[in-house]
Structures are given as C-alpha cells and as structure tokens.
Amino acid sequence: MIRFENVTKRYADGTTAVDDLSFEIAEGELVTLVGPSGCGKTTTMKMVNRLIEPTGGRIFIDGDDISAVDPVELRRRIGYVIQQVGLFPHKTVLDNTATVPHLLGVKRATARARAAELLDLVGLDPSVYGGRYPEQLSGGQRQRVGVARALAADPPVLLMDEPFGAVDPVVRERLQNEFLALQKSVRKTVLFVTHDIEEAVRLGDRIAVYGQGTIEQFDAPAAVLGAPATPYVADFVGADRGLKRLSVTPIEPGDLEQPPVVHLDDPLPATLPGWAVVLDREENLHGWISAAQAATAKGTVREHARRMEARLPVGASLKRAFATMLQYDAGWVAVIDEEGAGRFLGALTPARLHEALRRSTAADARDIARDEVELETVSGR
Ligand code: ADP
Ligand code: MG
C-alpha cells in the first residue's frame, strides 16, 4: 500500500534527516514510527503527502509513484492529524469537520451530515459539541475533532504525527483506546509517529524503531520487546521491556494447566490433589474447592464451592493476568472462552505465565510458533 524505496532527505544545510530508507506497509496496517526527537520521523511522514520532497529514492502509494501525482490530489487521499490540530478558530466543530468534503464539492448538507456521523464515531455527541468553537473544547476533545476531520473525506491513508502528545496521560490512554476501536472499524492504512515506546507498542501492528534517519528494527511489538535487533533498540525500549512485553503477549490455550474438575451437583469428592475447579452444568466456570474442604465437609460441591473472581478470557494479555492475580491475591487465574461468564479452558499459574513469556520471546527470535518452542528448563514444578 505504501512503499519507500531507498528514500533519502538531505536538507539544504547538509542535515541528512532520512537516510536510504526502504520499507513497505500493507493495506489496513497501523505502523508506528518511534524514536527520539530529531531522528527523522516527521520528515518521513511529510514526504508521504509531499509537504517535503525527498532528495533521493521513490515513494509509492497503491503502486503509484507519488512524485507524479498532483500534491493537492494526493492529499485528498491522505488524512493528516498533527499535535497542534490546526482547527479553524472561527468555525464550529461541525463545520471544521466538514471542511474537506465541502472543499471536494460535496453538498453542504451532505458534508455536515457526514461530519455529524464522524463526530459521533470519535465519541463527541454532535448535538452537544457540533455547535461549539474549538476554544470551548478540552485538549482531548480537540484531538478527537482532529481525527474526525482527517477521516471526513474517507481517505485510505492516515498520517498521524504525535497526535496525542500534548494531552495528559489519562486522556492520552483513553484517546489511544478509542482510536484502536475506531481503527478496527475503519481499517485505514496508518502511519503513526510517536516518541513514546509505550504508545508505539500499544497501537502498532508493527513498529519501526528509528535510529538516526534509519530504521533499526521493523517488527511486531512483541518481537521488538522480546528480541531487540540491536543494542540501540534494546536501550531504547528500556530495561523494563520484559514488563512491557507482558502487555503485548496474549494468553494462549497451550499455556494453561488442566487442574481436576468437579461439578456443582457432584457429591464432595473424598480425595483431591490440592484443589479442583468447579463448573456448572453448562461447563461454565463457577469457582473452586480445596482438598481440605472436600475431605472434611459433607454434602454437594455446590454447598462448599467458592466463587472465582480472578478470571480472564483467552487472548487477554499476560499483563492483565498478572494484574488480576495481584488484584484478587489469587495463586492462579481461571481462563475462560469469553469475557464474563464463559466455558472454562484452564488455569494460568505464575509458573505457566513465566513459561508463556519465555516461549513467546524465543518464538519471536526464531520466527516459529509459540508451542513449537522447547524450553531448556521448566520453571516452577
Ligand atoms: P523527528 O520528527 O523525529 O523529531 P524531524 O524529521 O523533524 O525529526 O527532523 C529530523 C532532522 O532533520 C533533525 O535533525 C532536524 O533538526 C532536521 N530538520 C528538520 N527540518 C529541517 C529543515 N527544514 N531544515 C534543516 N534541517 C531540518
Ligand atoms: Mg517530529
């Protein structure tokens, strides 16, 4: 969808901002460009919509060499969101959002109806915010309008240059989550610039880690965190990359232990090795029961089972699993097939969590599936 071929940008003063860059982004992919200030991220981005012209190499969108495309025409296919949003102060939120379709000759009423839809999509009720002026919005709300405006002409490509950089961390996280949900439905091809590795990891399908005008590693977030390609990347992602990696590594069925299982209406079993998981008639998770209880009490499992609050759907991150264990002071997390009530799939213990992390790191380094990894030592038991 977007292809860089040996692209270089040397500014007039001799600064090489981008040095012989080649990479490709697939349609519908969200790629984050991350690196310290001055490493060439903005220059890279502005060459895509021809706000800056490369001094060498070529850039293709959908197979077209963009140097042959009229810049104004080109920018209609590309939404652009920046930190200083650049909303027109004298126009209402609705008119700001409708600007581009209006310029493209869409009838005013149609453009405004589409703008209202988009405001709704980014979480701003058009009947409340549509008539306001930019100065009457919070920073986070202005960024939402910026995103809505960029989407208004329904461009296949979105360029976002540190769009959430100026808002406080709590609002930033909310905007990130909203944007991820939005991207799931609109599936744009997105180049997202940030200097924040956490943001890059949370949002990117893949991450390009920049050195000085070059890409040091271009990989999935888990791979960048688990197997940094160079000492520079390892340093940039930080000493706590193991913790960050937890947040991008999902729980897989193969990670789970299969403890003994009893059902609510069963009589109490006489012997249990430690504890058992308690399921209802539909095989949904109810809770657990300890061997000590089962051995000393009388009646059915139902009368003595304890509820299990520490539960997560498969696919949730290992970080959520770890946090859930701490939250409920639980020695394991019950993994179910969907959020809330769900079919019991197995138990994730701390030892299995550790194994899962090591397996996924090794799998990424060797480019194989996680369950193909043989661990040298098995921790825990
Ligand atoms: P980033 O967005 O990663 O912070 P930039 O792409 O803005 O980095 O800048 C990359 C390098 O190019 C920096 O060293 C910067 O000082 C330099 N640079 C950016 N714009 C110009 C310009 N117009 N003239 C000269 N040097 C520039
Ligand atoms: Mg920049």
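Analyst: We may begin with a term required for reading how parts pack: contact means heavy atoms within 4.5 Å. The model before us is predicted. In this model, the buried residues of H11 pack against H8, H9, helix H10 (231-237), helix H14 (318-327) and helix H15 (350-366).

User: Which residues of H11 are buried?

Analyst: A residue is called buried when its relative accessible area is under 20%. In H11 this applies to Lys 244, Arg 245 and Leu 246.

User: How should I describe the chain as a whole, and how many helices and strands are there in the chain?

Analyst: An overall description can start with secondary structure, extent and burial. The chain contains 15 helices and 17 strands. Its C-alpha trace spans about 80 × 50 × 35 Å along the principal axes. Of the 381 residues, 48% are buried. Contacts may also be sorted by separation in sequence: among those between residues at least 6 apart, 59% join residues at least 24 apart.

User: Into which domains is the chain divided?

Analyst: Domain bounds come from an automatic or database assignment. Here domain 1 covers 2-247 and domain 2 covers 253-355. Taken over C-alpha atoms, the centres of domain 1 and domain 2 are separated by 43 Å.

User: How is a nonpolar core to be read, and which residues touch the most other members of the largest nonpolar core?

Analyst: One looks for buried nonpolar residues joined through their side chains. The largest nonpolar core has 32 residues, and Val 147, Met 160, Phe 179 and Phe 192 touch the most other members. At least two residues of this core come from each of H3, helix H4 (108-121), H6, strand S7 (157-161), H7 and strand S8 (189-194). H6 gives the most, with 5 residues. A second, separate core has 27 residues, among them Val 7, Ile 59, Val 69 and Leu 159.

User: What does Met 160 touch, not counting residues up to four places away in sequence?

Analyst: With those sequence neighbours set aside, Met 160 touches Met 45, Val 81, Val 147, Phe 179, Val 190, Leu 191, Phe 192 and Val 193.

User: Let us turn to pockets. How much space lies in the largest pocket, and which residues lie nearest its centre?

Analyst: A pocket can be described by its volume, its lining and the classes of the lining residues. The largest pocket holds about 650 Å³ of space. Its lining consists of 22 residues, with Leu 180, Val 201, Arg 202, Leu 203 and Val 248 nearest the centre. Helix H7 (169-186), helix H8 (197-203), helix H9 (221-226) and helix H11 (241-248) each contribute at least two lining residues, and the largest share, 5 residues, comes from H7. By class, the lining of the largest pocket comprises 9 nonpolar, 4 polar and 9 charged residues.

User: How many nonpolar, polar and charged residues are in the lining of the second largest pocket?

Analyst: The space in the second largest pocket is about 530 Å³. It is lined by 21 residues, of which Arg 75, Ile 78, Gly 79, Tyr 80 and Val 100 are the closest to the centre. Helix H2 (71-76), strand S6 (78-82), helix H3 (93-103) and helix H6 (139-151) each supply at least two residues of this lining. The classes in the lining of the second largest pocket are 14 nonpolar, 4 polar and 3 charged.

User: Why is Asp 20 called partly exposed, and why does Asp 329 count as exposed?

Analyst: Partly exposed covers the range between buried, under 20%, and exposed, over 50%. Asp 20 is partly exposed because its relative accessible area is 43%. Asp 329 counts as exposed because its relative accessibility is 71%.

User: Finally, is Met 1 buried or exposed?

Analyst: Met 1 is buried, because its relative accessible area is 15%. Met 1 is found in the segment before strand S1 (2-10). Residues that Met 1 touches, not counting those up to four places away in sequence, include Ile 25, Phe 60, Pro 156 and Thr 189.

Technical notes
Residues are numbered from 1 along each chain as its sequence is written. Chains are lettered from A and ligands numbered from 1 in the order in which they are written. This is a predicted model: local features need pLDDT of at least 70, side-chain atom pairs count only at pLDDT 80 or more; totals for chains, interfaces and linings use all residues. Side-chain values use heavy atoms; hydrogens and water are left out. On a 1 Å grid over the protein atoms alone, a cavity is a set of points where a 1.4 Å probe fits but cannot get out, and a pocket is an open set with protein on both sides within 12 Å along at least five of seven lines; lining residues have an atom within 4 Å of a point. Grid points are joined across faces, edges and corners, and a volume is the space filled by probe spheres set on the points. Helices (H or I, at least four residues) and strands (E, at least two) are DSSP runs, numbered from the N terminus. Ala, Val, Leu, Ile, Met, Phe, Trp, Tyr, Cys and Pro count as nonpolar, Asp, Glu, Lys and Arg as charged, and the others, Gly among them, as polar. A nonpolar core is a set of buried Ala, Val, Leu, Ile, Met, Phe, Trp, Tyr and Cys residues joined through side-chain atoms within 4.5 Å. Buried means under 20% relative accessible area, exposed over 50%, partly exposed in between (1.4 Å probe, protein chains only).
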